[in-house]
Amino acid sequence: QVQLVESGGGLVQSGGSLRLPCAASGSIFSIYLMGWYRQAPGKQRELVAAIPSGGRTNYADSVKGRFTISRAKNMVHLQMSSLKPEDTAVYYCYAEVEVDSSLRRYAWWGQGTQVTVST
């Protein structure tokens, strides 16, 4: 079992900033990729940003230049700046974890943290 624990969500005014940390723990051999998705009411869950081991970061077009993802071992952070009301959503931490030397990957999700941006 792998656990992803997020924190850092909350209410912020338009133009403000928030930082979302996520920590992975449990039966982890290595982590191939960590990232963040979000889901707004009535919309599908969408990728916000992802960072693979040794690879290039990937951002949704809507957050490029405003959000920054960073990773240190089994933790990932999402620094969100210049927040807009349309960034309001539940943000989910995501990881592709290799649990043993076979390097088969399994996807895990955090419980989600609410981010609300007011006008």
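Cys22 and Cys93 are joined in a disulfide, with their sulfur atoms 2.0 Å apart; the term stands for a pair of cysteine sulfur atoms within 2.5 Å. This is a predicted model, in which local features need pLDDT of at least 70 and side-chain atom pairs count only at pLDDT 80 or more, while totals for chains, interfaces and linings use all residues. Residues are numbered from 1 along each chain as its sequence is written, and side-chain values use heavy atoms, with hydrogens and water left out.

The structure holds one disulfide, and the link of Cys22 and Cys93 is left-handed, with -85° about the S-S bond. This pair connects distant parts of the chain, since Cys22 belongs to strand S3 (residues 18–26) and Cys93 to strand S9 (residues 89–98), 71 residues apart. Strands here are DSSP runs of E with at least two residues, and helices are runs of H or I with at least four, numbered from the N terminus. Cys22 counts as buried because its relative accessibility is 0%, and Cys93 counts as buried because its relative accessibility is also 0%. In these terms, buried means under 20% relative accessible area, exposed means over 50%, and partly exposed lies in between, with a 1.4 Å probe and protein chains only.

A second set of contacts involves charged side chains. Side chains of opposite charge can pair when their charged atoms come close. A salt bridge is counted where a side-chain nitrogen of Lys or Arg lies within 4 Å of a carboxyl oxygen of Asp or Glu, and by this rule the count comes to five salt bridges. One of them is formed by the side chains of Arg38 and Glu46, at 2.7 Å from N to O. Arg38 is buried, with a relative accessible area of 6%, whereas Glu46 is partly exposed, with a relative accessible area of 36%.

Arg38 also meets Asp87 in a salt bridge, at 3.0 Å from N to O. Because Arg38 lies in strand S4 (residues 30–39) and Asp87 in the loop between strand S8 (75–80) and S9, the pair ties together parts that are 49 residues apart in sequence. Asp87 is buried, with a relative accessible area of 1%, and Asp87 forms a further salt bridge with Arg66, the closest N and O atoms being 2.7 Å apart. That pair links distant parts of the chain as well, with Asp87 in the loop between S8 and S9 and Arg66 in the loop between strand S6 (58–59) and strand S7 (67–72), 21 residues apart. Both Asp87 and Arg66 are buried.

S4 and S5 form a hairpin with six residues between them, and Gly42 in the turn has a positive phi of about 80°.

S5 is also joined to S6 by two bridges, and these strands run antiparallel. Here the bridge partner of Ala49 in S6 is Tyr59. S5 and S6 form a hairpin with five residues between them, and Gly54 in the turn has a positive phi of about 65°.

Technical notes:
Two strands pair if DSSP finds at least two bridges between them.
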